Amino acid sequence: MTRIDKVLERAGLSKTEGVIIHKPSNIFYLSGYTGEGLLVFGHGFKAIITDFRYTEQAENQAPGFQVLMVGKGVSHVMLAKKVFDENGVTAARFEDDEVTVRAFRKMEEVLAAISLSPLNLVPEQVRRIKDEEEIAAIEEACAISCKAFDALLPHIKVGVTEKQLQIILDNLLLEMGADGLAFDTIVASGENGSLPHAIPGPRQIQQGDMITFDFGAKKRGYCADMTRTVSVGQPKEEMRVIYETVLKAQEECEKMLRPGISCKTVDDHAHEVIDAAGYHGRFGHGLGHAVGIDIHEEPRLSQFCEDPLEVGHVVTVEPGIYVPGLGGVRIENTCVITENGARTLVHAQKALLIL
């Protein structure tokens with residue numbers, strides 16, 4: 001069964017219903033095409049609608065898909081209507097979380113008698129379970145990320161800035177084989193470590209600093225996500241305690257991962273460990289999230305998600321403690337859920353590195 005077939009089945013679409021996909025990650029997942037445009041499909045048909053810049057690319061990346069080109073006076077939606085009319089489609093589903101109000105009104109106007117209704121994140125639901133090829137791509141991205149991190153370590157020293165370390169790490173990821181970056185690299189040193197999503201800046205590394213690196217390679221369309229916190233020289237005693245607390249939470253929660261356990265249960269344990277160490281309120285985000293084509297996917301290890309983990313889910317485990325004026329620590333692995341538990345895809349050292 002193809003991925004398109006899975007979406008059609010899960011959405012329960014009849015022979016007279018079609019789908020319009022706008023979201024680039026869903027277009028890639030369903031067709032392999034990475035350029036701009038729309039994907040339309042239904043029972044017995046599938047087409048990519050794009051412009052002159054991408055038609056050859058679409059034909060190469062998505063063999064078996066009809067490729068249609070927009071032109072003067074002929075829009076993407078007009079071609080979607082043409083495909084639907086040719087295939088007897090009278091109703092279509094669309095991504096209501098992606099399409100703007102203006103674009104929706106234009107679709108209504110052009111599609112005319114074809115009724116529109118939300119797709120309700122069906123492609124994302126299908127994407128939750130990664131197949132062997134997807135897991136292999138994520139594992140490759142994680143391996144590249146670990147190699148880049150190891151190569152970065154000699155560059156971390158007193159006087160270098162956060163921004164310089166970001167640039168070095170980003171270049172190392174590409175040199176090690178990444179197709180791109182999974183997201184903007186985070187480098188947070190000293191007191192900036194209390195900012196979970198700190199933006200690397202001009203702050204120079206100082207003796208005794210702890211530095212958090214949150215980064216990931218992208219390979220074959222799939223993301224890696226890992227975080228390590230290191231110390232330049234001996235850290236303050238409280239920061240050492242914070243590190244060991246975060247490491248305890250990370251390792252215990254990673255060991256809890258298995259099919260059937262609820263995401264909330266794992267998240268709850270991380271907060272219990274950190275709260276018990278006296279840092280209640282200093283871990284304010286969820287424990288983790290699924291990773292795939294997008295860096296943040298479902299399900300999420302958080303207090304708001306009761307979903308059970310399933311074989312084929314790929315999730316992060318990333319507890320942290322953040323103390324304004326002092327600093328912070330986060331440690332993160334990306335893990336795949338297996339029949340017997342979970343397997344980490346990130347193998348960089350988790351014990352505190354003192355450089």
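Hi everyone, a definition to start: two strands pair if DSSP finds at least two bridges between them, and strands (E, at least two residues) and helices (H or I, at least four) are DSSP runs numbered from the N terminus. By that rule, strand 12 (residues 226-231) and strand 20 pair in the parallel sense over two bridges.

Please keep in mind that this is a predicted model, where local features need pLDDT of at least 70, side-chain atom pairs count only at pLDDT 80 or more, and totals for chains, interfaces and linings use all residues. Residues are numbered from 1 along each chain as its sequence is written, and side-chain values use heavy atoms, with hydrogens and water left out.

Now, what about the nonpolar core? That term means buried Ala, Val, Leu, Ile, Met, Phe, Trp, Tyr and Cys residues joined through side-chain atoms within 4.5 Å, with buried being under 20% relative accessible area (1.4 Å probe, protein chains only). The largest one has 59 residues, and Phe41, Phe149, Ile156 and Phe213 have the most contacts inside it. Helix 7 (residues 132-152) gives the most to this core, 10 residues. A second, separate core of 33 residues includes Val246 and Tyr279.

Key
Buried < 20%, exposed > 50% of the residue type's maximum accessible area, 1.4 Å probe, protein only.
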